[in-house]
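Please keep the sequence and the coordinates at hand while reading.

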Amino acid sequence: MTERPSHATELAPPPDVSREHGVHLLREMLRIRRFEERCVELYSAAKIRGFLHLYIGEEAIATGVMATLEEDDAVVSTYREHGHAIAKGIGMGPIMAEMFGKVDGVARGRGGSMHLFDAATRFYGGNAIVAGGIPLAVGVALADRMQGRDRVTVCFFGEGAVDEGAFHESINLASLWDVPVLFACENNRYSMGMALERAEAQTDLALKAASYAVPAWHVDGMDVLAVEEGTRRAITAIRGGGGPVFIEYETYRFRAHSMYDPDLYRDPAEVEAWKQRDPIPALIGTLKQLGHLDDVGVAALEAEVEAEIDEAVAFAEDAPLEPVEDLHRFVTSEVAP
Amino acid sequence: MSTTTVEPTTVTLTLREALKQSLRDALIRDERVFLMGEDIGAYGGCFAVTMGLLDEFGPERIRDTPLSEVAIIGTAIGAAMNGMRPIAEIMTCNFSLLALDQIVNNAATLLHMSGGQFNVPVVIRTTAGAGKQLAAQHSHSFEPIFAHIPGIRVLSVATHEDARGVLCQALEDPDPVVLFEYPRIMTMEAEVPVEPAPVDLGSAAIRRAGSDVTLVTYGAIQHTVLEAAATLAKDGIDAEVIDLRSLRPLDDATVLASVARTHRAVVVEEPWRTLGVGAEVAARITEEAFYDLDAPVGRIASAEVPMPYAKHLEEAALPQVPAIVAAVHRVMHRG
Ligand SMILES: Cc1ncc(C[n+]2csc(CCOP(=O)(O)OP(=O)(O)O)c2C)c(N)n1
Ligand SMILES: [Mg+2]
């Protein structure tokens with residue numbers, strides 16, 4: 001979308017993808033997209049409350065990144081994390097129940113949309129302090145390395161987090177200590193209403209990362225195959241002991257910042273232009289071209305996804321609330337010291 | 001002629017050495033323990049507490065960090081969530097404000113916010129207090145700021161035996177512990193058992209038993225309070241001195257039991273008076289032991305000013321023996 005000079009390598013998408021894998025990627029993106037569309041309806045119906053930050057438009061990143069990870073790799077995320085959580089393998093039912101504030105939610109209803117946690121899938125939470133999760137991810141990855149475990153931690157954050165000191169302190173430390181972490185910067189060009197050009201004097205974020213002696217490159221975040229390819233290269237390097245990598249995924253959110261945002265700061269033509277690059281139709285096009293999928297196949301996928309979401313909503317509806325008597329539980333640990 | 005060598009059972013240690021021994025014990029006992037902080041390695045620690053540990057344990061476990069308080073604490077939290085037992089050091093609590101976000105919004109919240117899934121067994125060591133003419137930005141006492149926050153344990157360590165045992169206890173806690181140490185008294189010497197006795201910093205300690213009035217305090221200032229108690233003894237007033245040690249949670253029981261015996265209390269602390277730990281203790285005494293009291297609870301704290309550099313002004317700002325003695329006389333109706 002934007003032309004700009006960069007030291008970084010631009011990767012061409014791979015020419016081919018297998019049917020099985022292509023359909024998997026499409027299914028994952030559809031699961032995230034349709035799940036969030038349902039969230040919007042449920043928000044209007046007042047089933048979901050609080051802040052709700054949608055990932056719509058950015059699904060290729062979570063999907064492509066997770067495709068490169070092993071099950072025991074860790075993820076640290078932000079308040080815009082539904083996509084990461086779903087793609088990491090957390091069940092939609094417990095995620096939806098969390099948004100309903102139910103005790104069967106992934107955080108017993110204490111977190112809501114912005115704070116999905118799941119120890120089983122090593123999902124270390126959505127963090128709602130901008131850049132608040134970044135040093136945490138460095139620590140998680142450091143602990144794996146110190147304990148001799150061959151695991152990678154992926155830390156997702158928006159380009160707005162690069163404004164914060166926490167980012168700079170953390171990437172420097174990760175670089176000094178060769179920590180196995182992928183800094184996955186989802187540059188959707190806005191932090192709330194603040195355009196990147198108005199927030200950062202140097203808008204090439206990969207260049208900033210490179211100044212910490214961290215290998216860094218740009219990836220087209222609207223192309224799931226490019227995301228996977230660009231990320232795989234990073235994960236391979238990190239797993240090989242090469243220390244951290246920074247990737248700037250160029251993307252765009254199709255919706256407002258949150259449900260409260262009237263979105264007055266973006267030119268509708270700009271939004272429209274990015275929607276033309278929607279990663280889902282793009283992948284469908286590719287798969288059709290390759291003869292991997294037809295309209296019947298797409299419809300079948302859609303039906304499968306819809307059924308899964310219906311089931312998740314039913315699970316959330318049926319789940320009980322946490323008893324108020326349990327309010328004070330988990331302020332401190334219940335396990336005996 | 002035969003000689004018998006008797007193994008000494010006590011040893012004279014400075015407070016600094018006691019703290020270092022505690023760190024050494026922790027590093028030896030548990031290989032998940034590692035230290036990180038500014039100048040803790042090659043320099044030996046800004047108060048020399050970690051001197052020599054780098055040589056003994058190596059750079060993998062004694063980690064010098066850049067000047068990055070957010071990254072130090074945030075990284076320690078992440079490592080704690082993932083199986084390690086980091087002891088992170090923030091040189092002084094003055095600089096802890098840069099990391100307060102990580103402490104309040106991550107360390108203190110994650111267990112509750114994750115519905116009990118992620119506990120954070122991190123230990124954060126820092127220092128507090130004035131008295132060395134370091135002026136406002138290096139003399140703060142922020143114990144009350146931390147004690148305000150549910151989800152963390154806040155300990156203050158101002159005696160040798162507590163220092164010797166503190167990390168053992170802190171590391172057993174599955175949740176975040178913020179530990180306050182006091183540079184002003186680092187060189188103070190005391191004779192302690194060679195084999196450290198287990199301590200329980202979760203409970204308040206009666207530093208001096210007495211029957212006429214309860215002096216509730218914590219941190220380095222307790223040594224001033226003990227001096228005041230000695231002065232009061234000459235006036236025929238037998239003061240009990242309680243070191244709270246744990247500022248969150250507070251050991252109400254020890255304080256209330258003492259007040260039930262003495263019927264009078266003065267709270268002495270080094271931070272500012274407004275909204276301090278002393279205010280909380282006074283409120284709890286009033287709530288729980290009002291009818292035991294023969295006088296309103298007295299409070300002594302630092303003057304509500306940024307700590308000045310000039311020696312006479314700094315002394316004027318800090319709680320001193322005469323002010324404590326006068327406050328006790330007031331609650332004894334002898335003022
Ligand atoms: C430390 C902090 N400052 C401000 C905010 C308020 N806030 C929430 S989201 C946001 C924008 C962040 O933008 P970005 O990092 O680009 O992520 P995006 O929302 O675009 O995914 C801001 C300013 C916050 N949550 N935390
Ligand atoms: Mg953004």
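In this predicted model, Phe183(A) has a relative accessibility of 0% and therefore counts as buried, the cut-off being under 20%. The residue belongs to strand S4 of chain A, which covers residues 181-187. Apart from neighbours within four places in sequence, the contacts of Phe183(A) are Ile134(A), Val138(A), Cys155(A), Phe157(A), Ser170(A), Ile171(A), Ala174(A), Pro244(A), Val245(A), Phe246(A) and Ile247(A). Val227(A), which stands 44 residues from Phe183(A) along the chain, has its C-alpha atom 14 Å from that of Phe183(A).

**Aromatic pairs**

Over all chains, a search of the whole structure returns 13 aromatic pairs. One of them joins Phe51(A) and Tyr260(A) in an edge-to-face arrangement, with 5.5 Å from centre to centre and 80° between the planes. Phe51(A) sits in the loop between helix H1 (19-44) and helix H2 (59-66) of chain A, while Tyr260(A) sits in the loop between strand S8 (245-250) and helix H10 (268-275) of chain A, so the pair ties together parts that are 209 residues apart in sequence. Phe51(A) has a relative accessibility of 43% and counts as partly exposed, and Tyr260(A), with a relative accessible area of 56%, is exposed.

Another aromatic pair is formed by Phe157(A) and Phe183(A), again edge-to-face, with 6.5 Å between the centres and 70° between the planes. This pair links distant parts of the chain, since Phe157(A) lies in strand S3 (residues 153-158) of chain A and Phe183(A) in strand S4 of chain A, 26 residues apart. Both Phe157(A) and Phe183(A) are buried. The two residues also belong to one aromatic cluster, which consists of Phe157(A), Phe167(A), Phe183(A) and Phe246(A).

**An enclosed helix**

The buried residues in H4(A) are Met92(A), Gly93(A), Ile95(A), Met96(A), Ala97(A), Glu98(A) and Met99(A). Their cover includes H1, helix H3 (82-88) and helix H12 (295-318) of chain A. Just after H4(A) comes Gly101(A), whose phi is positive, at about 75°.

**Backbone details in loops**

A positive phi also occurs in residues that are not glycine, among them Arg189(A), with a value of about 75°. Arg189(A) is placed in the loop between S4 and strand S5 (190-191) of chain A, and with a relative accessible area of 9% this residue is buried. In chain B, Ala48(B), likewise a residue other than glycine, has a positive phi near 65°; Ala48(B) is located in the loop between strand S2 (33-37) and helix H2 (53-57) of chain B. Chain B also contains a cis peptide bond, which joins Arg248(B) and Pro249(B) with omega at about -5°. Pro249(B) lies in the loop between strand S12 (246-248) and helix H9 (252-262) of chain B.

**The chains as wholes**

Chain A contains 12 helices and eight strands. For its 337 residues a compact globule would have a radius of gyration near 20 Å, and the 19 Å of chain A agrees with that. Chain B contains 12 helices and 14 strands. The radius of gyration of chain B, 20 Å, is close to the 20 Å given by the globule rule for 335 residues, so chain B is as compact as a globular protein of that length.

The overall extents and surfaces are set out below.

| Chain | Span of the C-alpha trace along principal axes | Accessible surface | Part belonging to carbon and sulfur atoms |
|---|---|---|---|
| Chain A | about 55 × 55 × 40 Å | about 13100 Å² | 53% |
| Chain B | about 70 × 60 × 45 Å | about 13200 Å² | 55% |

In chain A, 58% of the 337 residues count as buried, and in chain B 59% of the 335 residues do. Among contacts between residues at least 6 apart in sequence, 76% in chain A join residues at least 24 apart, and the corresponding value in chain B is 83%. As for charge, chain A carries 31 positive and 55 negative side chains, with the centres of the two sets 2 Å apart. In chain B there are 26 positive and 43 negative charges, and their mean positions are 2 Å apart.

How values were computed: Residues are numbered from 1 along each chain as its sequence is written. Chains are lettered from A and ligands numbered from 1 in the order in which they are written. Side-chain values use heavy atoms; hydrogens and water are left out. Helices (H or I, at least four residues) and strands (E, at least two) are DSSP runs, numbered from the N terminus. The radius of gyration is taken over C-alpha atoms; the globule rule is 2.2 Å times the number of residues to the power 0.38. Buried means under 20% relative accessible area, exposed over 50%, partly exposed in between (1.4 Å probe, protein chains only). Contact means heavy atoms within 4.5 Å. Accessible areas come from the Shrake-Rupley method with a 1.4 Å probe; for residues, only the protein chains shown count as cover. Lys and Arg count as positive and Asp and Glu as negative; His and the chain ends are not counted. The place of a charge is taken as NZ of Lys, CZ of Arg, CG of Asp or CD of Glu. Rings of Phe, Tyr and Trp (its six-membered ring) pair if their centres lie within 6.5 Å; planes under 30 degrees apart count as stacked, over 60 as edge-to-face and the rest as tilted.
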